[in-house]
Amino acid sequence: MAGTAIAGASGLTGQLVLNRLLDTGAFDPVVAILRKPMHRNHPRLREKVVQFDSLDALAPLPVSSAICCLGTTIRKAGSREAFQTVDFGYAVAFARWARQNGARHFLYLSSVMANPSSGTFYLRVKGQTEEELSSLGFERLDIFQPSFLLGQRAEPRTGERVGQALFWCLEWAMAGPLERFRGIPAATVAKAMAARCSRPQGEPGIRRFEWREITELAQG
């Protein structure tokens with residue numbers, strides 16, 4: 001049986017997406033592509049430990065859908081080049097692997113204002129990744145573009161904590177065109193991604209989801 005693959009399952013949003021996939025019997029098996037084992041025991045979970053630049057080393061593994069929550073920061077990665085390796089290189093490599101293994105539906109966690117021509121390095125890389133994913137021939141490509149993700153990370157990010165506090169204080173002012181910049185709980189994004197993935201049939205093409213669309217999806 002073709003399963004659902006996920007990359008980035010050790011991150012804030014990825015962990016929550018994985019939990020929802022495992023809690024929903026519709027996803028069987030759930031294949032977590034990892035650089036380090038999680039040693040998580042669940043009857044429907046298959047952990048595949050591999051380096052993302054060597055995904056061809058994996059035996060063929062049929063999947064019908066794939067979810068990418070890969071992402072890092074320049075500070076954690078150590079350089080712009082290392083950041084781009086993860087956020088662009090690994091994400092695209094995972095998408096190509098998924099496509100080669102039969103995935104028709106791909107879901108990608110990006111960022112609000114992602115644009116391949118952006119003057120901001122982070123947003124430019126996210127936009128370039130979206131652009132590359134769009135060329136891989138998925139029947140359905142869902143791109144989630146939240147602003148600040150709210151939640152407790154295993155490895156705290158100081159700048160993100162400050163940003164979260166600021167967004168909570170200014171949320172009242174983020175209405176109309178500014179609502180896309182509202183902070184959003186990672187759990188809400190995870191619920192929305194799982195909800196989209198659970199629809200085996202859907203309109204073909206590329207769809208983007210910002211704050212309002214993500215919130216509505218999560219609410220069912």
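N101 is buried in this predicted model, with a relative accessible area of 15%, where buried stands for under 20% relative accessible area, exposed for over 50% and partly exposed for the range in between (1.4 Å probe, protein chains only). The residue is found in the loop between α3 (80-100) and β5 (105-109); helices (H or I, at least four residues) and strands (E, at least two) are DSSP runs, numbered from the N terminus. Residues up to four places away in sequence set aside, N101 touches P60, L61, P62 and V63, a contact being heavy atoms within 4.5 Å. The model is a predicted one, in which local features need pLDDT of at least 70 and side-chain atom pairs count only at pLDDT 80 or more, whereas totals for chains, interfaces and linings use all residues. Residues are numbered from 1 along each chain as its sequence is written, and side-chain values use heavy atoms, with hydrogens and water left out.

The protein chain contains seven helices and nine strands, and 46% of its 220 residues count as buried. Among contacts between residues at least 6 apart in sequence, 66% join residues at least 24 apart.

Seven strands form an open sheet with parallel pairing, in the order β3-β2-β1-β4-β5-β6-β9. At the edges stand β3 (45-49) and β9 (205-209), each with a single partner strand, so that one side of each is left without a neighbour in the sheet. On average, and with direction ignored, neighbouring strands of this sheet are turned by 15 degrees against each other; here axes are lines fitted to C-alpha atoms, for helices over the stretch in contact, and angles run from 0 to 180 degrees between N-to-C directions. Two strands are taken to pair if DSSP finds at least two bridges between them. Strands β1 and β2 pair in the parallel sense over four bridges, with A5 standing opposite V31 in β2. Four bridges likewise join strand β4 (residues 63-68) to β5, the two running parallel, and S65 stands opposite H105 in β5.

In a regular strand the side chains alternate between the two faces of the sheet. In β2, five of the five residues are buried, and both faces are covered, with V30, A32 and L34 on one side and V31 and I33 on the other. Strand β1 holds T4, which counts as buried at 4% relative accessibility. Although T4 and V31 are 27 residues apart along the chain, their C-alpha atoms are separated by 6.0 Å. Neighbours within four places in sequence left aside, T4 is in contact with L21, F27, P29, V30, V31, S65, I67 and C197. The side chain of T4 also makes a polar contact with the side chain of S65 (3.0 Å), such a contact being a pair of N or O atoms within 3.5 Å, of which, within protein, one must be able to donate a hydrogen and the other to accept it, while residues adjacent in sequence count only if both atoms are side-chain atoms.

Helix α1 (residues 12-23) lies across β1 (3-7), β2 (30-34), β3, β4 and β5, and runs at about 165 degrees to β1. Helix α6 lies across β1, β4, β5, β6 (140-144) and β9, running at about 170 degrees to β5. The 12 residues of α6 (residues 186-197) should span 16 Å at 1.5 Å a residue, which agrees with the 16 Å between its end C-alpha atoms; the expected span is 1.5 Å times one less than the number of residues. Nine of the 12 residues of α6 are buried, among them V189, M193, R196 and C197.

For α3, the 21 residues should span 30 Å at 1.5 Å a residue, in agreement with end C-alpha atoms 29 Å apart. This helix has a kink of about 30 degrees centred on G89, the bend at a residue being the angle between axes fitted to the seven residues ending there and the seven starting there. Its buried residues include F83, Y90, F94 and W97, and what covers the buried residues of α3 includes β1, β2, β4, α2 (74-77), β5 and α4 (121-133). After α3 comes G102, whose phi is positive, near 100 degrees.

Positive phi values also occur at residues other than glycine. H39, with a phi of about 55 degrees, lies in the loop between β2 and β3 and counts as exposed at 68% relative accessibility. M113 has a positive phi of about 70 degrees; placed in the loop between β5 and α4, M113 counts as partly exposed at 42% relative accessibility.
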